[in-house]
Amino acid sequence: MRLGLTGLLGLPSGHQRGQEVRLTRARAKVNPNSEDNISPALNWKLTAGLIHYHDHLTAQCRTSLSLRSQPGITQGIIMSDTNYEYGAEMNENNPVLCCEVKVFQASYLPQQQLSEEEYTILYNAGLASARSRFKENLPFNTEADISRSLKEIVGTLLKARRGVGRRRNLWFSTDPNEALVSAIVGGNFKIDSSLSNVAGSPHTTDTIVVMKLKLFRNLSTNRQQLVSAIVHILNDDVRRMFMFGITIEGHRMTLWYFSRSHSVKSQSFNFVEHPEILVEVLISLVFADDQDVGLDPNIALKSNTKCQYIYTVNGEAGPRRFLTTHSIFENRALTVEGRMTRVFRVVELDGQTDSPKEGAKPMVLKDVWLDMDTKTEMETQQELFADIQKYAENPDWREHACLSGFNQDQHAETVEAFGELLKGERYKELFLVIRAGSTGECSKRLVRSAWRATKSFVAIDTQRFSEPQSCTTHELQIRRADEVTQPAYQKYGSKRRSFLVFDDECTRLYCLPTVGDVFTVLRDCVTALRLMFCAGWVHRDISCNNVMAARDSETQRWKLKLADLEYSKKYGVNSGTASDPKAGTPFFMPCEILRRQYFGLASLDPDEDPTQLTFDLTSNDPSDDFDEPLLHNFLHDLEATFWTGFWIITSRVNHERSRTYALNIFQNAPTLTLPLSRLSAFELPIQKALYRCLLE
């Protein structure tokens, strides 16, 4: 294979091999507002009715994945019901665990703050009401019968609670013919009943516990509808840390818990035979505090609005409050677990008021869920900057091996420009600098006695396409099975929420106006990566989403803002004898990382310029020299930059032939394996095929 990284990325070299690939099409226009220019993967979703671009894209495509209505904008429900999509995705990638009912009550349901006397009064009143309405020899005629009976029991509990003192509570709401109302363009999801903050409200921000009821044991349909509503609410309401759900099929009830780290259901129980369990469950939910039913105490819904939130960021200088004014990025997830990254334009508020701080400028807030043992991006960035500064203060910085490929005389201007970045912390201009940050609440721990349930929703063999998304591999371990043998289940660790605040609102690389602008920013990206490596770091997640840009107000030039350092690490630190886990965005992951093996290096032509980053590689005969743990290195970051540029010139231009060519190369393989098509594009010459398909 001839890998012309030098030419494609504009790196210094004796002769610019591959330079024609970079510049021939450099001014091909990319229209960020055209659906024709969306990646083929996202186009497929649009035509399938799963996700629709809305009409409020900005000129720089800043809201390309944002589905949330902005204040003052009304959007109708345009998405068809996606119960089967949610069910299939949850079955395959986020299987639900199972535990005994008593374990679920003790580990997941809100724990009571009531006095023993108060609880006894409520329990006795609720139990008497349940026994009078649910009898074993009296079948239900309709789902409405079940719903009315549950509503009467909750009403009895509320009445009894008023007799011993007023307390915050949830209300039982039921209207199976009314669809959920949300701020996100989003869904015709209907729920049979719910426990809500506001009596009778169908809005997602008021719906706390979702209930789906069926007269018969129609498990798949009932549960598909439950998870559809749950995922939709979790996507819509920013405050949610987790949610509870209840399904009823005939006389059997199942309790559900959904969070960003894992999802668990209880074994079903006969609530007609065991009304005491039903009453215990209702008391724990109806009289729970906001935080105990999944509402984050660090995020509040702005008064008199259903689509603006107030974040409290507890930084070193004390708590600061930020009001969301615009949604920049929100990925509509098909599953519950994951990072659930959200990015908002915000303005800082004055004290405890809802008024903007005097002179406050718009800022950007990032909200993401991280594994408990993962450093926050702010912590990582601070460590990286400290190491870059240490490198900058070294008088022999030019002698670093990463700069040895430069001819110090021939490329003196490039080396001096590199040196200028090391003066006065100017290197920070290459990065999206975090100005404030804090960590929020943690998810619950997985109960140790849980086991993997059988497929909880529906098994559908669907072909899924998606935008490039970052991910990492998951561990598997053996666990005992329950009703149906499922011997392996994913290892789930707790997650914590991270809030980050930035000064700059940037444009993602793939939304820049021209391909020429893209490669201007990519050249700066190579400089930033080289700077990181000189300081002993690798990025490990270069992609079209993480390479961002901001336009200079004076020169109008697009300037790099390298972001998303969650996967960045010091090169080779704490690796031992183990390889680095696969991390990054599958579209742009280096082939060696996907393959889990180094490639062998064939002999170079003796006439080759040794400073060229152009190699003959072979995957069939790995060199003995590479029989060692595979570590993500600087060349891997360069390769990810190459794939990013390659994806943009083929997939982001309005040219069917080039997009078809790219479709087989860029795949989100759920197993994070190296597709044969990607390997072929990496090993074999591609210049001729690329010329034939590129936009003229």
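Modeller: In the largest nonpolar core, which holds 72 residues, those touching the most other members are Phe 431, Val 547, Leu 562, Trp 643, Phe 646 and Phe 666. Helix α12 (residues 515-534) supplies the largest share, 13 residues. This is a predicted model, in which local features need pLDDT of at least 70 and side-chain atom pairs count only at pLDDT 80 or more, while totals for chains, interfaces and linings use all residues. Residues are numbered from 1 along each chain as its sequence is written, and side-chain values use heavy atoms, leaving out hydrogens and water.

A nonpolar core here is a set of buried Ala, Val, Leu, Ile, Met, Phe, Trp, Tyr and Cys residues joined through side-chain atoms within 4.5 Å; buried means under 20% relative accessible area (1.4 Å probe, protein chains only). Helices (H or I, at least four residues) and strands (E, at least two) are DSSP runs, numbered from the N terminus.

Leaving aside neighbours within four places in sequence, Phe 431 is in contact (heavy atoms within 4.5 Å) with Leu 384, Phe 385, Ile 388, Ala 528, Met 532, Lys 561 and Leu 562. Apart from this core lies another, of 59 residues, including Leu 114, Leu 157, Met 241 and Leu 446.

Turning to the sheet, β14 (434-442) pairs with β19 (residues 495-502) in the antiparallel sense over six bridges; pairing requires at least two bridges found by DSSP. Ala 436 has Val 501 in β19 as its bridge partner. Helix α10 (residues 377-392) packs on the sheet and touches β13 (363-371), β14 and β19. The direction of α10 makes about 140° with that of β14, where axes are lines fitted to C-alpha atoms, for helices over the stretch in contact, and angles run from 0 to 180 degrees between N-to-C directions.

Key. Buried means under 20% relative accessible area, exposed over 50%, partly exposed in between (1.4 Å probe, protein chains only).
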